Structure formats: structure tokens, C-alpha cells
Amino acid sequence: MDTIKEKTGLPNASPQDWLGKATRSLAILATAALIATSTPAFATTNDAAGETTLSSPAMGTGASVTPAVVSLEIAETARSSFKVASTPAISGTAKVGSKLTAKVGKWSPKAKFTYQWYRGKSKLKGATKSSYIPVAADRGNSLKVRVTAKATGYKNTSKTSKSRKIAAGTIKPSSKLKISGTARYGSTLSASVKLPSGSKASYQWYKNSKKVSGATKKSYKLAAKDIGAKYQVRLGVTKPGYNKLALSSNTVKISKAVFKVKTTPKISGTKQAGKTLKASAGSFTPKPSSHSYQWLRNGKSIKKATKSSYKLTSSDAGTKISVKVTAKKKHYSNRSSTSTKVPIAKSSTTVIKHDGTYRVGSSLKPGLYKATGTGDSCYWERLNGFSGSFDDINANHFGAANGYVRILKSDKGFSTSGCGSWKKAPSTGAKTSTISKDGSYRVGIDIKPGLYKSTNSGSCYWATLTDFTGGFEDLITNDFNYDRSILVQIPSTAKGFEKTGCGTLKRIG
């Protein structure tokens with residue numbers, strides 16, 4: 001059997017392939033049709049590979065058949081052109097660092113687009129998106145974009161935009177240029193600004209609008225000569241592909257340096273009228289070259305009280321005294337520090353001015369009193385009656401006219417001789433560590449508790465007390481001796497201490 005074969009590929013072809021092969025395939029089918037109407041008859045078959053076979057049993061093997069060829073012309077079918085195809089345009093500012101975007105315009109029918117950006121006639125590698133940000137290498141060159149539209153059944157169509165020349169970019173800091181640091185002698189000023197990545201800055205500091213020689217770094221340390229001047233820093237910022245940017249900071253005025261207070265001043269001395277207070281200056285950093293003082297009464301300056309010591313007057317009684325110390329040094333602002341306020345005892349009211357016997361409850365109130373006389377011939381009695389008998393005496397004392405007595409509510413009277421005047425005991429005292437005069441003292445107010453020592457050359461009597469009533473119940477411990485070396489422990493729990501003789505006792509621990 002003689003056959004005529006043609007592989008059409010029709011079963012699996014795409015619509016475009018069908019159209020593309022139509023002319024040849026139809027020509028074969030037409031030939032087959034003509035043969036089929038002739039004698040002898042031809043049979044047609046399609047195999048699994050998609051091949052079409054024409055055969056006739058009347059023809060021997062190797063016979064030649066020349067079928068009539070029918071030429072069917074199908075217009076170039078392949079794909080149609082877009083009805084509307086716009087030339088793309090580039091939007092955006094044509095400079096380095098600014099985003100450019102391809103605008104495809106109108107296309108009909110709708111299509112999908114691909115992009116290729118060009119620098120001059122050269123493709124930009126990787127620049128295949130709808131937008132592109134020019135880089136330093138694009139400065140001074142022209143950029144264009146080629147847009148290719150694709151749609152099913154239509155020819156791929158490319159359009160190229162007009163070229164746009166790329167100018168230098170603009171450097172945009174993300175913060176203002178300002179001066180950081182404290183604007184005073186001894187401190188360091190710094191230029192503070194946030195610049196885009198890849199930028200480089202040059203610095204120049206200005207003093208009163210004039211360049212400071214050699215001051216071309218980011219920071220500048222202020223010297224004494226800068227006090228009172230106005231400072232500014234200016235920057236020149238560069239970046240490849242960008243125009244140079246000039247920045248100017250705010251202006252700051254340079255002041256003197258300042259002290260730091262390490263410890264505040266303190267006041268020492270007996271806080272009562274007639275006594276002298278002393279001020280410690282405290283401490284400052286750096287060390288001042290000098291100090292000045294101003295004493296304050298209830299927070300207000302005391303006229304002419306401008307030394308490191310101050311003698312209290314009757315006007316200070318019942319008030320609070322403090323001292324303001326001012327540190328001074330060249331190129332530094334004066335710095336003052338004020339002590340804590342200390343209360344000054346109210347002036348003691350003189351209750352008894354002369355020797356005699358006094359009724360308790362009217363002219364003489366119960367309480368603690370202090371004798372102000374001199375010598376060692378002071379005698380006093382606390383009385384429960386005025387008959388003159390020994391039974392009227394609650395308690396009595398004979399000794400130095402430098403001591404205390406507590407008059408109780410149960411007492412009827414009080415008698416005194418050789419003690420001088422009596423005053424209400426003040427609330428404050430010297431709180432000293434040395435006991436030289438004979439008499440009685442309040443522990444923690446007039447004297448400090450602790451271990452005292454004395455080198456004695458005569459007799460010595462001492463006692464620690466719970467109070468100053470003069471009764472035996474006041475005694476905690478006592479001693480009388482002629483020892484040359486004396487040690488006395490005065491506990492903080494004791495209310496009072498008295499001595500006769502014993503020399504000068506000094507606190508050693």
C-alpha cells in the first residue's frame with residue numbers, strides 16, 4: 001500500500017500553533033480529499049503520533065502519485081497588533097537619589113508589562129522594575145526606559161520613553177545641625193546632626209562669626225579665652241553624585257565654669273546668746289581660691305556678719321541661724337552653699353536674782369534651773385515647809401555655784417545662798433569634751449558621754465546622776481580619791497555628771 005503522510009501536531013498544539021500550521025495542514029487535507037474521489041479509492045487514517053496517512057490497494061509499492069495541490073492562503077494569522085499602544089513617560093525628579101517611575105500610558109486591550117532601564121544606549125543591569133533610583137554613575141547621563149507589553153493573542157510590543165538627563169542629587173539630613181554639650185569654660189562642645197549614609201562632613205568652628213584656626217573637628221574644648229564669646233559650627237557635607245551641602249548650627253554663648261559642691265558648710269559652737277559660732281567652709285570641686293561668708297538669721301542676711309565666725313546676740317535667741325559660704329576662683333562662676341539651720345536657745349529667764357527663800361507655785365515654777373554665780377560656796381535647799389526645822393528639807397547641796405537644781409511640783413519652797421541668780425536651764429549646751437570647772441553638767445547637752453581622763457594633784461569627787469534633785473536617788477555611781485591619774489566613764493544613759501576637784505577631765509574615748 002502506498003501512503004502519503006504529514007505530521008500536523010494538531011492534537012496538543014496551542015491556538016497560535018494551530019493558526020501557524022493551518023496553511024500546510026489544510027493543503028494536505030485538500031489533496032487527500034481529491035484522491036478520495038478518484039479511482040482507485042484512497043483510505044485515510046490517523047495514528048497515535050498524530051500522523052495522517054492516505055492509502056490505496058490498487059497501487060503498488062513504490063508507485064508515484066502526484067496529487068492535485070490546492071493552495072489555501074490564510075492571512076498571516078499568527079497574532080494581532082495592539083489597538084492602542086502609548087509611548088511611556090518617566091515621572092519624578094531627574095536627579096541622583098530621587099525615584100523615577102515609568103508611566104506606561106494607555107494600551108488596548110489590557111496588557112502585562114516588563115521594563116528595562118537604559119543609561120544612554122546601555123542596559124542597566126538589574127533595572128527591570130517600573131521604578132528606578134538614579135545612582136552616582138547616572139549623574140550627567142541620560143536615562144530612558146523601554147516598556148514591553150504582552151497579551152494573549154497579540155504581538156509583543158515594545159515602546160521606549162524619551163531620555164531624561166540626570167542632575168546631581170540633594171543631600172537631606174534627617175535632623176538639624178545643633179551644638180551639644182554645656183557652653184562653659186572647661187566643657188567640650190560637639191556638632192550633632194544625622195546625615196545620610198555615605199555622606200562625609202568637614203567641620204569648622206566659628207568664634208564671634210570668625211573662623212577658629214585649627215578647629216576643624218567634630219568637637220571643640222572650650223578654654224578660658226572663650227568665656228563671653230559666641231560659638232557656632234558649620235559643616236560642608238559631600239556625597240558622590242550629590243551637590244555639596246552647607247549647614248550652620250545654632251549659636252551658643254560661653255559662660256564661666258562652675259563649682260560642684262562636695263560637702264555643705266557646718267556650724268559648730270554653743271548655740272546660745274553671747275557664744276560664738278564657727279563655720280566650716282565645706283568642700284567644692286575644683287578647690288576654690290577663696291571663700292566669702294554670710295550669716296543668716298531665719299534665712300535672712302545678718303548685717304556685717306560676713307566672717308567665718310559669728311558671736312550670737314540677744315536678737316538671735318529663739319531663732320535659727322545658718323551660714324552661706326561662697327566659693328570663688330578665676331574663670332569660675334561664684335558658687336554658694338548654705339549650712340543647715342541650727343536653733344539658738346531662747347534667753348534664759350532670770351527667776352531668782354537674790355539669796356532668800358521662795359514659795360514654789362507662784363513666783364517660782366517647778367522645773368530645771370541653773371545657777372550663774374561663781375565660787376564654791378553655793379548652798380540651796382528644796383523645802384516641804386517653812387518651820388525652819390531639818391524636817392522641812394527635802395534635799396540640799398553645798399558646793400560650786402555652777403550647777404543645776406530640779407524643783408519638783410511636790411516642793412513647797414526653795415532656799416538659796418551664795419549661788420548668784422538662778423535662770424531656767426537652756427535647751428542647748430556646748431556639748432564639750434573637756435570638763436574643767438567644778439559643778440554639775442547635763443550629759444549629751446553640756447558634755448559628751450564617754451571615757452574621761454585627768455592627771456590630778458589633789459582630792460577628787462565625782463558622781464554620775466539620773467537627775468538634779470539633790471537626793472540620794474539621783475546617784476548612779478560616785479567616787480572620792482586622791483589618785484594622781486583618774487579615769488571616769490560617763491555613760492550616755494546618765495542625765496548628769498558632777499565633780500569637785502579632779503583637775504581637768506578630757507574625753508579620750
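**Overall look**

I started with the secondary structure: the protein has 2 helices and 47 strands. Both are DSSP runs numbered from the N terminus, with helices being H or I of at least four residues and strands E of at least two. I noted that this is a predicted model, where local features need pLDDT of at least 70, side-chain atom pairs count only at pLDDT 80 or more, and totals for chains, interfaces and linings use all residues. Residues are numbered from 1 along each chain as its sequence is written, and side-chain values use heavy atoms, with hydrogens and water left out.

Next I checked burial: 36% of the 509 residues count as buried (under 20% relative accessible area; exposed is over 50%, partly exposed in between, with a 1.4 Å probe and protein chains only). For contacts (heavy atoms within 4.5 Å) with a separation of 6 or more, I found that 63% are between residues 24 or more positions apart.

**Pockets**

I looked up the largest pocket, and its volume is about 860 Å³. A pocket here is an open set of points on a 1 Å grid over the protein atoms alone, where a 1.4 Å probe fits, with protein on both sides within 12 Å along at least five of seven lines; lining residues have an atom within 4 Å of a point. The volume is the space filled by probe spheres set on the points, which are joined across faces, edges and corners. It has 35 lining residues, and Q272, K275, K370, N402 and Y404 are the closest to the centre. Strand 41 gives the largest share of this lining, 3 residues.

Strand 36 (393-399) supplies the largest share here, 6 residues. Strand 41 turns up again, supplying at least two residues of this lining.

**Aromatic pairs**

I counted 15 aromatic pairs (Phe, Tyr or six-membered Trp rings with centres within 6.5 Å; planes under 30 degrees apart are stacked, over 60 edge-to-face, the rest tilted). F82 and Y154 are stacked, because their ring centres are 5.4 Å apart and their planes are at 25°. The two sit 72 residues apart, F82 in the loop between strands 3 and 4, Y154 in the loop between strands 11 and 12. F82 is buried at 9% relative accessibility, and ring pairs link F82, W107, F113 and Y154 into a cluster.

Y185 and Y332 pair edge-to-face, at 6.1 Å centre to centre and 80° between the planes. This pair ties together parts 147 residues apart in sequence. Y185 is partly exposed at 24%, whereas Y332 is buried at 17%.

I found a cis peptide bond between S108 and P109, omega about 0°, with P109 in the loop between strands 7 and 8. Another cis bond joins T285 and P286, omega about -5°.

I also looked up positive phi in residues other than glycine. H331 has phi near 70° and is partly exposed at 28%. C502, at about 75°, is in the loop between strands 46 and 47 and is buried at 0% relative accessibility.
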